[in-house]
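Let's take a walk through a protein chain together, starting with the overall picture and then zooming in on a few residues. Keep the 3D view open as you read.

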Amino acid sequence: MTKVELRKRYLQKRKDVTSTELHQLSYNIYQQFFAFVDLSSIKIVHTFIPIAKNGEPDTLLIIDRIRREFPHIRISIPKINTAIDSMENFFFEGLHQLEENSMGIKQSKQGLPTVSQKIDLVLVPLLIFDEQGNRVGYGKGYYDKFLATCRPDCQKIGISIFPPVKSIQDTNDYDFKLTACVTPEKIYLF
């Protein structure tokens, strides 16, 4: 299937997930993440803040535990700059820092900018991924543009409530492959 076909299908599949189911799936992802990811040498983790209306997995569970148990790690979060159609990144200070933009995304209203080259691990949002580590997002390209500015050794870990599809037919050179993907049932390595 193509990205457009997969995007349509998995947006609908996400809508069919109840809030109770999403909470359990998010908790399972949280457990898989901490069982799999070695955070001992990580200094900066970039993560998306979940868009509740889109049924995204709750990354705030992961953020909270990192902040409590790994004080040496700084959290970075995205902010969409619609004026220049790109994503900026800021260090996360707490929930008080967040405001909802016109697209319904909670993002930083202020803060210290994060230098992309210093980020060690990115939790990448997605709708679905394939067995080769390709992903389908919302189609705006913000994460592909952002990942192009990160170091080549930066870990790119997708977060998905669904298992992978066999393949995405129309990937291209601008698409960044994931290093791994965390699902409620298992970890996929690429």
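This is a predicted model: local features need pLDDT of at least 70, side-chain atom pairs count only at pLDDT 80 or more; totals for chains, interfaces and linings use all residues.

Residues are numbered from 1 along each chain as its sequence is written, and side-chain values use heavy atoms, with hydrogens and water left out.

Start with the fold. The protein chain has four helices and eleven strands; these are DSSP runs numbered from the N terminus, with helices being H or I of at least four residues and strands E of at least two. Its radius of gyration is 15 Å, close to the 16 Å that the globule rule gives for 190 residues, so the chain is as compact as a globular protein of that length. (That radius is taken over C-alpha atoms, and the rule is 2.2 Å times the number of residues to the power 0.38.) Along its principal axes, the C-alpha trace spans about 40 × 40 × 30 Å.

Now look inside. Of the 190 residues, 51% are buried, meaning under 20% relative accessible area with a 1.4 Å probe, counting protein chains only; exposed is over 50%, and partly exposed is in between. In soluble globular proteins, nonpolar side chains tend to be buried together. Here, the largest nonpolar core holds 56 residues, and Phe-33, Leu-39, Ile-66, Leu-121, Val-122 and Phe-146 touch the most other members. Helix α2 (residues 19-36) gives the largest share of this core, six residues. A nonpolar core is a set of buried Ala, Val, Leu, Ile, Met, Phe, Trp, Tyr and Cys residues joined through side-chain atoms within 4.5 Å.

Zoom in on Leu-39. Beyond neighbours within four places in sequence, Leu-39 is in contact (heavy atoms within 4.5 Å) with Phe-33, Phe-34, Ile-66, Phe-70, His-72, Ile-73 and Leu-121.

Next, find His-46 in strand β1 (residues 44-47). Is His-46 buried or exposed? At 0% relative accessibility, His-46 counts as buried. Setting aside neighbours within four places in sequence, its contacts include Leu-121, Val-122 and Phe-146.

Finally, hop over to Gly-94, in the loop between β3 (86-91) and β4 (98-100). Gly-94 is buried too, with a relative accessible area of 5%. Gly-94 and Thr-179 are 28 Å apart in space, C-alpha to C-alpha.
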